[in-house]
Each structure stands twice: as C-alpha cells, then as structure tokens.
Amino acid sequence: MAPTPPRTEDSAMASDKAAALALTPVSRETEERLDCFVTLLREWQAKTNLVAPSTLPHLWTRHIADSLQLLSLAPSAKIWIDLGSGGGFPGVVLACALAETPGAKVHLVERIAKKAAFLREAIRLTGAPGAVHLADIGDTVERFAGPVDCVTARAVAPLNQLIGFAEPLVKQGAKALFLKGQDVEAELTEATKYWKIEPKLHSSRTGGQGWIVELDRIERRNASAD
C-alpha cells in the first residue's frame, strides 16, 4: 500500500481542486472519474514522469482545468483526437467529461509505450470513452478513418508541426484546438510562413500566460511561389 501523503499536501490539493472546478464546473459523476484519474496519475508519477513534478501541487488547475476549458470551445464535438496524449492532458480529462454524452469518444495517440500503458489503465479505471493508439502521430492521422469533430494537442510540438499533423483532419471538417504557452505569437509567426491559417486566440481560463489556438481552416502555402 502506498504511503499516505502528508495532510498539508492533501489540503493544498483540495484547495487547488476547488479552484479548478470553480473555473471549469463539471457534474458529480465527472468529478468522481477525475478523482480516480488523479489518484492513478499520482501513483504512476512515482515511477514514470507524466507531468513536471513542480506542477503536482497545482495538478487540478494547471492540468485538469486547463484541459476542461476546451469543451466550451467545441460544445457539440463528440469525436476527438488528442495528439501526443502523454500524461492524459487533455485527452483523458476530455474523455472523463464526455462519458455521459452518447456517441462520444476520445482517441489518444501516444508513441511511448509506458505512457500508452498508463493511458489505457486510466481509461479502464475511469470508464471513460477512450481508445489508445500506440503509434507516431503522423502515421495515426494518415490512417485514421471516420469523421473527427475536434483535434487537440498540448505541450507536444511547435505549432508549425502540429498544424501539419492536423491538416488532413481539419480538411475533413475537424476543428483544431492547441494549448500553447507564452511563445504563441512567435510560433504563429513561424507557422504562417508555411500555412494559410486564420487563428482565433483564446486566453486560458487558468491564468498565467497560456493560450488556446483555434483553427477551422488550414491550407498549405505553395513553396514554389516563394
């Protein structure tokens, strides 16, 4: 049995959880699934680096609320693809929140076997509607069959590269929502050298310098025209 965390740590996490759920309210059922997910993540974090250790005291606000806020930008989306799911953000969190939505499913793409194993366990224990794909992002996107409503990614790759991954899905009607940090403007400047895009920028509800880049259209620039 794992040792009981110090009471001060539990108190800090409870306070952080309350702050997160005030920012991004969820149903009682979703809260229970997220509690299960957080417990599992803390157990696995001891042996696998799933999130930056410095962010653990603020796991709910830094990671869970940060993920949940995407739902308000695509409220009717049911089929999601999360590229480079890693520790489950935003993919597992979205799946937990969508468990009560008929027909919803989140596809989690992760190339590292140990992290994919964690994601599978998280989906199993929470009962969330998810499927884990142990594969490179590019390979999965090219092979994916069926409609996709929304494609997401967080802390995976530069925006220029993410847009390339998402292009086939967005061309088929998906919305792209990418969680980025303070360097978003520089990343957008670089991306527009290669892509014709009309990004919408949303400031993160969780504060700090986080941003969400929303894309509904992606077109590759003609390199020969330069």
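A crossing is right-handed if the near helix is turned clockwise from the far one by less than a right angle, and left-handed if anticlockwise. The model shown in these views is predicted, and local features are considered at pLDDT of at least 70 and side-chain atom pairs at pLDDT 80 or more, whereas totals for chains, interfaces and linings use all residues. Residues are numbered from 1 along each chain as its sequence is written, and side-chain values use heavy atoms, with hydrogens and water left out.

**View A. Helix α2 passes α5 in a right-handed crossing.** The axes of α2 (residues 28-45) and α5 (residues 113-126) come within 9 Å and cross at roughly 150 degrees (axes are lines fitted to C-alpha atoms over the stretch in contact, with angles from 0 to 180 degrees between N-to-C directions). This angle makes α2 roughly antiparallel to α5 (over 145 degrees; roughly parallel is under 35, roughly perpendicular 65 to 115, and the rest oblique). On the α2 side the contact (heavy atoms within 4.5 Å) is made by Arg-33, Cys-36, Phe-37, Leu-40, Leu-41 and Trp-44, and these meet α5 residues that include Lys-114, Phe-118, Glu-121 and Leu-125. By class, the contact of α2 with α5 has nine nonpolar, one polar and three charged residues (Ala, Val, Leu, Ile, Met, Phe, Trp, Tyr, Cys and Pro are nonpolar, Asp, Glu, Lys and Arg charged, and the others, Gly among them, polar).

**View B. Helix α2 also crosses α3, and this crossing is right-handed.** The two axes come within 13 Å and cross at roughly 130 degrees, which makes α2 oblique to α3. Leu-34, Asp-35, Val-38 and Leu-41 of α2 meet Leu-59, Trp-60, Ile-64 and Leu-68 of α3, a contact with seven nonpolar, no polar and one charged residues.

**View C. The largest pocket holds about 860 Å³ of space.** Its lining comprises 40 residues, with Phe-89, Arg-154, Ala-155, Val-156 and Leu-179 nearest the centre (on a 1 Å grid over the protein atoms alone, a pocket is an open set of points where a 1.4 Å probe fits, with protein on both sides within 12 Å along at least five of seven lines, and lining residues have an atom within 4 Å of a point; its volume is the space filled by probe spheres on points joined across faces, edges and corners). Helix α3 gives the most to this lining, with four residues, and the lining divides into 15 nonpolar, 15 polar and ten charged residues.

Conventions. Helix = DSSP H or I, 4+ residues; strand = E, 2+ residues; numbered from the N terminus.
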